[in-house]
Amino acid sequence: MSRAQRIVVASVLLVIAAFGLLVVATQITTTYYLPPADDDSFAIERVVAFEPGVVGTVIGAVAVLALLTHLVVVIRRAAPRIQWVVAVVLVVATVVAAVVVSFADRPTG
């Protein structure tokens, strides 16, 4: 694979992981409403941290940082094959984390 192709592939992997991080990071908070106590009051809005969203964000952030480092290595020289395997595994982990967090049940109160 030529140097330009390696840089493009590493960049695409980084963009996919960054998109997965963006998807997970937008799900850190969740909002729910408690019913009013009586007829004269209003519903109470609660905003809480969604723990799977926090864990997924950490996984995504670590993966993005590692893939950014991988891109720098690829720009400077040819990376070993095992490094490419690790990069693909990181991208898969980020996408899986985004899907799992997206389908996780939210707290209702």
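1. Is Gln27 buried or exposed? In this predicted model, Gln27 counts as buried because its relative accessibility is 14%, which falls under the 20% cut-off for that class. The residue lies in the loop between α1 and β1, the latter spanning residues 29–34.

2. The surroundings of Gln27 deserve a look alongside that value. Leaving aside residues up to four places away in sequence, Gln27 touches Phe50, Gly53, Val101, Ser102 and Arg106. With one of these, Ser102, the contact is polar and runs from side chain to side chain, at 3.2 Å.

3. The helix pairs come next, and two packed helices are described by the angle between their axes and the distance between the axes. For helix α1 (residues 3–25) and α2, the axes come within 9 Å and cross at roughly 165°, and these two helices are therefore roughly antiparallel to each other. The crossing in which α1 passes α2 is left-handed.

4. The contact of α1 with α2 brings together Arg3, Arg6, Ile7, Ala10, Ser11, Leu13, Leu14, Ala17, Ala18, Leu21, Val24 and Ala25 from α1, and Gly53, Gly56, Thr57, Gly60, Ala61, Val64, Leu67, Leu68, His70, Leu71, Val74 and Ile75 from α2. Sorted by class, the residues of this contact are 16 nonpolar, six polar and two charged.

5. Helix α2 (residues 51–76) also packs with α3, at an angle of about 155° and with the two axes 9 Å apart. That angle makes α2 roughly antiparallel to α3, and the crossing of this pair is left-handed.

6. The residues of the contact of α2 with α3 divide into 14 nonpolar and six polar, with no charged residue.

7. How do α1 and α3 lie, parallel or antiparallel to each other? Their axes come within 9 Å and cross at roughly 20°, and the two helices are therefore roughly parallel. Here too α1 passes its partner, α3, in a left-handed crossing. The contact is made by α1 residues including Arg6, Val9, Ala10, Leu13 and Ile16, and by α3 residues including Trp84, Ala87, Val88, Val91 and Ser102. By class, the contact of α1 with α3 holds 16 nonpolar, three polar and one charged.

8. Gln83 lies in helix α3 and is partly exposed, with a relative accessible area of 22%. Setting aside residues up to four places away in sequence, Gln83 touches His70 and Val73. The C-alpha atom of Gln83 is separated by 53 Å from that of Pro35, although the two residues are 48 residues apart along the chain.

9. Ala104 has its place in the segment after α3, the helix that covers residues 81–103. Because its relative accessibility is 24%, Ala104 counts as partly exposed. Between the C-alpha atoms of Ala104 and Arg77, which are 27 residues apart along the chain, the separation is 41 Å.

Methods:
Residues are numbered from 1 along each chain as its sequence is written. This is a predicted model: local features need pLDDT of at least 70, side-chain atom pairs count only at pLDDT 80 or more; totals for chains, interfaces and linings use all residues. Side-chain values use heavy atoms; hydrogens and water are left out. Helices (H or I, at least four residues) and strands (E, at least two) are DSSP runs, numbered from the N terminus. Buried means under 20% relative accessible area, exposed over 50%, partly exposed in between (1.4 Å probe, protein chains only). Axes are lines fitted to C-alpha atoms, for helices over the stretch in contact, and angles run from 0 to 180 degrees between N-to-C directions. Angles under 35 degrees count as roughly parallel, over 145 as roughly antiparallel, 65 to 115 as roughly perpendicular and the rest as oblique. A crossing is left-handed if the near helix is turned anticlockwise from the far one by less than a right angle, and right-handed if clockwise. Ala, Val, Leu, Ile, Met, Phe, Trp, Tyr, Cys and Pro count as nonpolar, Asp, Glu, Lys and Arg as charged, and the others, Gly among them, as polar. Contact means heavy atoms within 4.5 Å. A polar contact is a pair of N or O atoms within 3.5 Å; within protein, one must be able to donate a hydrogen and the other to accept it, and residues adjacent in sequence count only if both atoms are side-chain atoms.
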